[in-house]
Amino acid sequence: MIGHRAATKSLTEAAYLALRADILACRLAPGEKIKINDICASRGVSLGAIREALSRLTADGLVVAEAQRGFSVAPVSQDDLIDLTSTRIEMELACLGRALERGDVEWETGIVAAYHRLSRTPERVDGDPMVVSEDWALAHKAFHAALVAACDSPWRLRLRAILYDQSERYRRLSVPAASHERPIDAEHRALMDAALARDVALVGRLMRDHLNETTRRVLPLAMPTAQAKVPRGTMRDAPIAL
């Protein structure tokens, strides 16, 4: 009996992680209805396991449950993206400030290693410049996590991780509109150098610019029929909290 419960829990966890990855990578598009029976058939997972996984994703804010209509992927919008970016900037800077104050040589080493991996990983899938490499996405997440790894506030780090995942869907949407002229590697290198130099003001400005640039690129895609103009003062310069 215990073995059966463990196996069921493992299948549910696997379903949750697989669906979550599909949503974050936009393989399940924003607003798309989730066809539970199709997922059960394609993944060989029980209806109960999928429903439990979807309930967890609903709590994560990645899935919307509607009475009598089932589940769908959470939609995207310009207003949501602007609010998300502003909130994420505040939390990133709060975590960065504590990390810069408390980071040691191990923290510095982790940043350098994460940047090296990121800079050596191709951003796009070979033969398809419209698709982000999953290896690059993981390296990108690891680099941003390394920057704040010395932050000593578990709650701040937990909230930051939630905001990062919510932002990841929008970042993936920006890929078709991304210009090869954006010096993304230079942006990451500058963030690393400023963090290692413990330059609080510079790393804060660079992080704001880095996140805002992605938002500016994806705004037209978050609501294609609307004008992608950011209201003045929406993505404000939040101070780093020490």
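The model is a predicted one, in which local features need pLDDT of at least 70 and side-chain atom pairs count only at pLDDT 80 or more, while totals for chains, interfaces and linings use all residues. Residues are numbered from 1 along each chain as its sequence is written, and side-chain values use heavy atoms, with hydrogens and water left out.

A look at the overall fold comes next. The protein chain contains 9 helices and 4 strands, taken as DSSP runs (H or I of at least four residues for helices, E of at least two for strands) numbered from the N terminus. Read from the N terminus, the order of elements is α-α-α-β-β-α-α-β-β-α-α-α-α. Of the 242 residues in the chain, 45% are buried; buried means under 20% relative accessible area, exposed means over 50%, and partly exposed lies in between, with a 1.4 Å probe and protein chains only. Among contacts (heavy atoms within 4.5 Å) with a separation of 6 or more, 75% link residues 24 or more positions apart.

Strands β1 (residues 63-66) and β2 (residues 70-73) run antiparallel and are joined by 4 bridges; strands pair if DSSP finds at least two bridges between them. Within this pair, V64 stands opposite S72 of β2. The two strands form a hairpin with 3 residues between them, and Q68 in the turn has a positive phi of about 70°.

Two further residues share this topic of backbone angle. Most residues other than glycine have a negative phi. C26, although not a glycine, has a positive phi of about 65°. C26 sits in the loop between α1 and α2 (36-43), and beyond its neighbours within four places in sequence it contacts R169, R172 and L173. R198 counts as partly exposed because its relative accessibility is 29%.

In helix α3 (residues 47-59) lies A53, which counts as buried because its relative accessibility is 0%. Leaving out residues up to four places away in sequence, A53 touches T12, A15, Y16 and L19. T121 belongs to the loop between α5 (105-119) and β3 (124-125). T121 has a relative accessible area of 16% and is therefore buried; its contacts, not counting residues up to four places away in sequence, are D135, W136 and A139.

The second largest pocket has a volume of about 240 Å³. Its lining consists of 14 residues, with L24, E134, L138, K141 and R172 nearest its centre. Helices α1 (2-24), α6 (134-147) and α7 (154-173) each supply at least two residues of this lining. The lining divides into 7 nonpolar, no polar and 7 charged residues, where Ala, Val, Leu, Ile, Met, Phe, Trp, Tyr, Cys and Pro count as nonpolar, Asp, Glu, Lys and Arg as charged, and the others, Gly among them, as polar. A pocket is an open set of points on a 1 Å grid over the protein atoms alone, where a 1.4 Å probe fits, with protein on both sides within 12 Å along at least five of seven lines; lining residues have an atom within 4 Å of a point. Grid points are joined across faces, edges and corners, and the volume is the space filled by probe spheres set on the points.
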